[in-house]
Every structure is written in structure tokens, then in C-alpha cells.
Amino acid sequence: MDPMNDEVEVADVREELRARTRRAFLGQAAGGFGAVALTSLLGEAPLRAAATASGGSDTSALAPRKTHFEPRAKRVIFLYMDGGVSQVDSWDPKPKLQRDSGKPFPMKMEPTQFDNNGNTRGSPWKFRQYGESGTPVSELFPHIARCVDKLAVVRSMTSDFPEHTNANYFLHTGHGLQGRPSMGAWFGYGLGSENRDLPAYVVLNGGLTPPGGLDNFLSGFLPASYQASVLRPDEQAIANVRAKEARPGVQRRKLDLMRALDAKLRARTGHVDALESAIQNYELAARMQLAVPELTGLEGESKIVKKLYGFESGYDKTRIYARQCLLARRLVERGVRFVELTCPNCGHDRWDQHSNLKRGHENNARAVDQPIAALLIDLERRGLLDETLVVWTGEFGRTPFAQGRNGRDHNPYGFSLWMAGGGIRGGTIYGATDEYGYKAIDKRTTIHDLHATMFHLLGIDHERLTYRHSGRDIRLTDVAGDVLHDILL
Amino acid sequence: MSGRGRPGRSGPLDGAGRRSVYLQLRRNFVNPFFSAFDKPNPVSTRGRRSESNVPAQALSLLNDDFVIGQATVWAKRALASATNEDARIDAMFVDALGRAPSDDERKRCSAFLAEVYESGAKAPRTKSRSVAAWSELAHVLFNLKEFAWIR
């Protein structure tokens with residue numbers, strides 16, 4: 001008995017069996033998208049999908065797809081306010097809260113994270129009405145306030161989770177646990193991308209990765225090509241984005257050899273999702289080497305535009321967020337489907353002001369207020385706002401009663417968000433919380449409703465965009481979600 | 001990288017040939033190569049690492065100075081290991097992928113080497129066209145999916 005020979009025989013048999021299984025045969029025969037991508041890119045022939053929105057396995061993963069019905073918007077900019085913005089201090093004025101400030105809180109207090117609840121606490125900021133709609137906004141957002149007629153403010157948002165990590169997964173993936181595809185991945189899966197040189201889903205990271213980590217932006221069980229690419233808002237948006245070869249054409253030759261050798265691997269292994277995605281990633285990476293520097297090079301932007309966004313602000317965090325917002329506009333101009341912005345680190349633990357509410361919220365607001373308003377104005381001026389859905393939200397709100405001396409704890413029972421742009425009816429207020437701003441009582445809205453509405457505006461029926469996994473047809477909105485028709489045009 | 005707390009000097013890119021058991025980590029200067037490959041942000045603990053699959057990883061393997069440097073190191077070793085081209089190619093395939101190349105693969109690599117040599121590319125320090133060509137081949141092998149993925 002020769003152990004070496006035995007090993008070789010076993011390996012041979014395994015190879016044979018592998019080649020002969022139905023799965024292997026089907027995998028090779030079906031010609032997964034990676035193979036097609038290879039051939040198309042070797043021949044440089046563009047692919048356009050006529051596949052349905054539920055995904056065709058015989059086309060390039062990111063080729064644009066038809067919508068279920070006529071869309072109002074083509075892309076999304078998601079302004080994520082990490083940590084939970086206090087609704088009673090921003091978009092939801094409560095006169096009774098102000099009057100009763102300092103008194104014991106009269107309603108039943110649900111359990112809070114820190115269980116250090118104090119009395120009723122009024123807002124340290126005043127509200128004023130703005131625009132033709134007369135929508136009230138607090139002093140925290142003077143710039144965005146001037147855009148209220150473009151906004152639909154939803155005051156009756158709720159979340160199922162009172163803690164950041166679960167609430168972030170819920171907000172980003174529609175599910176409270178780790179591992180599901182994020183919103184941006186679903187949009188890529190449903191719609192593809194209009195730009196083959198940039199990822200379809202980009203996160204502009206201002207400095208703070210949300211609790212829950214990168215799993216907020218991944219593709220879960222959807223093919224890996226749909227996950228986010230995270231860019232920093234500075235010159236080197238992605239590390240190593242410039243080719244290093246000294247001679248022109250050398251990298252092209254290397255990529256050609258690499259493709260040929262990878263094709264042989266693919267022929268042997270059949271359809272493997274990670275492999276397909278990796279192959280596509282290389283092609284995309286090669287094109288990004290030119291596309292990303294073109295995107296982040298802001299020399300072409302006028303001084304006036306940069307000033308509008310806040311590039312000359314005295315506060316460095318405003319300058320960071322200004323860059324993110326300007327890049328967001330440039331990304332959507334280039335056809336990127338879903339852009340999310342995270343917050344810069346203002347040093348008060350995101351918006352999560354368990355203490356120092358006044359200073360923390362003020363600095364966070366100061367960072368984002370001017371750039372966001374500029375983004376809305378700039379999009380509108382360029383005729384892009386009608387086709388771009390802008391969403392502003394955190395993962396939950398804050399309690400109207402105090403935490404400790406000067407903070408507010410988490411509140412998933414009622415908080416505010418706003419939307420603007422593609423298909424949104426501006427100057428509206430939807431839903432309401434109780435007189436203290438604690439819990440949503442009128443037109444209670446869930447994260448699933450938000451997702452359903454976002455899909456609807458981009459021409460997707462959220463109940464029809466599914467992916468078969470673990471034996472069922474899973475969707476971003478799980479088994480829930482109603483489109484908020486009242487805030488749509 | 002720039003910013004407060006940046007160390008004044010960095011060590012050599014290849015760590016002077018040392019293996020790392022512990023690496024110093026400065027949380028504002030996280031190594032982008034590691035980040036691209038899902039090293040968790042040191043802000044908090046991480047129960048299970050993400051396994052992402054993104055173009056940033058392709059860009060790292062294509063353009064990171066460390067990878068390019070190591071390709072040259074390997075190329076020099078391959079050049080020293082054998083005198084004929086086919087033997088060197090075979091050795092590199094065995095090193096990287098645990099198998100010999102097929103005839104077609106060997107031919108393609110040969111053709112590639114000739115093309116790079118013809119292009120006149122020179123290795124940075126030695127100015128050797130030979131080292132440059134073999135470094136580029138080594139770099140290609142680093143970027144093969146078969147190299148990166150364990151079956």
C-alpha cells in the first residue's frame with residue numbers, strides 16, 4: 001500500500017466526481033455572469049441587460065435593469081445621522097414639553113439603555129417656521145431650514161430596536177441581526193448601475209463607521225458584487241487607486257494574462273459566487289484607476305460652488321462633510337445608484353448624546369447643516385434633484401426626558417426623518433408623536449415603510465424584488481412595508 | 001497619511017524581512033492594506049470579521065507597494081533557482097498554486113515575459129530588464145484568484 005499513490009488516486013477520483021456532478025455541469029453550462037464578463041471584457045463588447053428585476057444569471061451583474069414601473073428617481077443619496085438625532089430638538093417641536101420642562105415625566109417610561117432617567121427636559125433650541133409650508137425647524141439646522149419646501153418630514157418613525165448595532169442593521173438591511181444584504185446592495189441587485197467604471201454602491205466615510213461595522217454595507221446572500229465600496233472623502237479616496245507600472249501597456253498585458261489564467265480556473269470550478277465577484281472586481285478596479293481620480297479631482301468645481309458647500313468653513317468637520325456632499329453630487333452625476341454618507345467625528349460620540357446634549361448636537365449639526373443644504377440647492381440647480389431621492393435619518397430618536405444631568409437616552413418609539421427629491425412632495429409633514437414627542441401616535445411608520453417607499457420611487461415593487469435564500473424568497477422589507485403615498489407627488 | 005500622532009518615521013515596507021507577531025497599531029493611521037482585507041477597526045471589539053469582496057482588494061493587490069516589492073523579491077529567487085525559463089515558470093506555479101502549469105499556461109507566461117522584456121521596462125534599482133519581466137509575472141501570479149482563494 002503506497003500512501004502517495006493512494007492520495008493521488010483519491011484526488012483523481014474526486015476530480016472525476018466533481019466534473020460529473022449535476023451541479024458542476026449546470027454551473028458550467030449556465031455560464032454564470034463571471035464567464036460572460038470575462039468574454040465581454042476580453043472583447044470589450046458592452047452588455048446591456050434585458051433581464052427582469054428579479055435578477056438574471058446570464059448577464060453582467062451590474063448591467064442596468066428594467067424597473068417594475070415608471071420610476072420617479074434614478075438614484076439615492078442616503079444621509080445617515082449616526083447615533084440617533086433627538087427629534088424634539090430638531091424637527092418635532094413640542095410646546096407641552098417646553099412648558100413641563102423640569103417636572104417629573106408623566107407618561108410611562110419604557111426601559112432605556114442606561115436606566116438613568118431624569119425629569120422632563122425641554123429643548124434648549126428654539127423652533128421657527130420656514131418657507132411657504134411653514135414647517136418648523138429648530139435652530140440646529142438654519143441652512144436646511146431654508147429648504148423646507150423641498151422636504152417631506154416624517155415625524156412618526158419608529159424602530160424595532162433600542163440599541164445601535166441592531167438598529168443600524170435594521171435601518172441598513174431591514175433585519176436586526178448581522179448578515180443580510182444592505183439597502184444599497186438591493187438597489188444594485190434590482191437596478192444595476194449606470195456607470196461601469198465606478199461601483200454601483202458607494203459609502204462616503206466621513207470618519208465614523210457605524211456601530212455594527214461594515215456589515216451595514218455588505219451584500220449578505222446577494223452576490224458579492226453588490227456590496228458597497230467605501231471611499232474616504234480626501235484625495236486618496238481609495239488606497240492604491242493609481243497604477244504603478246512604469247511602462248504604459250504593461251498593466252494591460254498583466255490583466256490579459258491574469259484573465260486568461262483565471263478563465264481556466266473558472267472552467268474547472270464552475271460557478272462560484274466569490275470567484276465571479278472577484279473577477280468582476282478586477283475589471284472594475286482597472287477602470288476605477290482612471291474613474292476615481294477623475295471623480296475626486298475637484299479642480300473643475302468653481303470656488304463659488306465649493307464655498308456654498310462649506311469648503312471655507314471655520315469648522316474642520318464642516319469642511320469634511322462638505323467634501324462628502326460634493327462628492328455625492330459628483331457620484332450621482334456619474335450614474336452611481338446608491339450613495340451613503342456617514343458622519344465625521346465631531347468628538348461627542350456621533351449624535352449619541354447621552355450627555356452634553358447641547359454641545360454635542362450643536363457640533364454635529366454644525367458639521368452637516370450647510371453642506372446638506374448646499375447639496376439640495378446644487379442638485380436642484382443642475383436639474384438632478386427631480387431624479388435623486390435624498391433621505392436624512394438616524395437609526396432612532398432620543399427620549400424627551402433627561403438622562404443624567406444633561407443628556408437624552410435612546411428612543412425607538414418615535415423619531416423624525418426627512419426625504420427630498422425624486423417624487424417626494426415637498427413642504428409636507430407626515431405623522432405625529434404624542435404631546436411630549438415620545439411615541440409615534442398618528443400614522444406610525446416603520447423602517448420597512450421607509451424602504452418600501454424608497455424602492456417605489458425608484459420604480460421597484462418591494463414585494464416583487466426577492467432573492468431565493470434558505471428556501472424562501474427573501475426581500476429587503478421582509479413581510480412588511482407600506483409605501484408612504486401621502487408624501488409622494 | 002497625515003495627521004496628529006502620525007509616527008515620524010516608518011519602517012521598511014517589508015519589515016526588513018521580519019515576520020510580525022505583534023504590530024503596532026495607531027488607530028488614526030490604520031493600514032489601508034489591512035483595512036481592505038477586513039481587518040476590523042480598532043474602535044471596538046469584533047465578534048466575527050466581515051468577509052467582504054470589493055474592488056478595493058483588487059486595487060491593493062494590483063498597486064500596493066508591498067505587493068509589488070514582494071513580487072520582485074520572488075522574481076529574483078526564481079531567477080536564481082533555475083537557468084531555463086520553463087523550469088522557472090514551473091517552480092513559480094508550484095510555489096504559488098501547488099501545481100505545475102499546463103502547457104498552454106506555460107506558453108502564455110513565456111509570451112508575456114517576452115512582451116514585457118520587449119517593452120523595455122527596467123527594475124527600479126538594478127535596472128535589469130530580466131528582473132522587471134519576472135517581477136511582472138510574479139505580480140500576475142499574486143493576482144490570480146487561484147492564489148487568493150483556498151479551495
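A crossing of two helices is called left-handed if the near helix is turned anticlockwise from the far one by less than a right angle, and right-handed if clockwise. Keep that in mind for this tour of a predicted model, in which local features need pLDDT of at least 70, side-chain atom pairs count only at pLDDT 80 or more, and totals for chains, interfaces and linings use all residues. Residues are numbered from 1 along each chain as its sequence is written, chains are lettered from A in the order in which they are written, and side-chain values use heavy atoms, without hydrogens and water.

**Stop 1: chain B**

Select chain B, which has seven helices and zero strands (DSSP runs, H or I of at least four residues for helices and E of at least two for strands, numbered from the N terminus). Its C-alpha atoms fill a box of roughly 50 × 35 × 25 Å along the principal axes.

**Stop 2: two packed helices**

Now select residues 65-81 and 129-142 of chain B: these are α3 and α6, which pack at an angle of about 115 degrees with their axes 7 Å apart. The axes are lines fitted to C-alpha atoms over the stretch in contact, and angles run from 0 to 180 degrees between N-to-C directions. Turn the view and you can see α3(B) pass α6(B) in a right-handed crossing. By class, the contact has eleven nonpolar, five polar and one charged residue (Ala, Val, Leu, Ile, Met, Phe, Trp, Tyr, Cys and Pro count as nonpolar, Asp, Glu, Lys and Arg as charged, the others as polar).

**Stop 3: where chain B meets chain A**

Show chain A too: 41 residues of chain B are in contact with 47 residues of chain A. Six salt bridges are found across this interface (a side-chain nitrogen of Lys or Arg within 4 Å of a carboxyl oxygen of Asp or Glu). Zoom in on B:E146 and A:R268, whose side chains meet in a salt bridge at 3.1 Å, N to O. Finally, select α2(B), which gives eight residues, the largest share of the side of chain B that touches chain A.

Methods:
Contact means heavy atoms within 4.5 Å.
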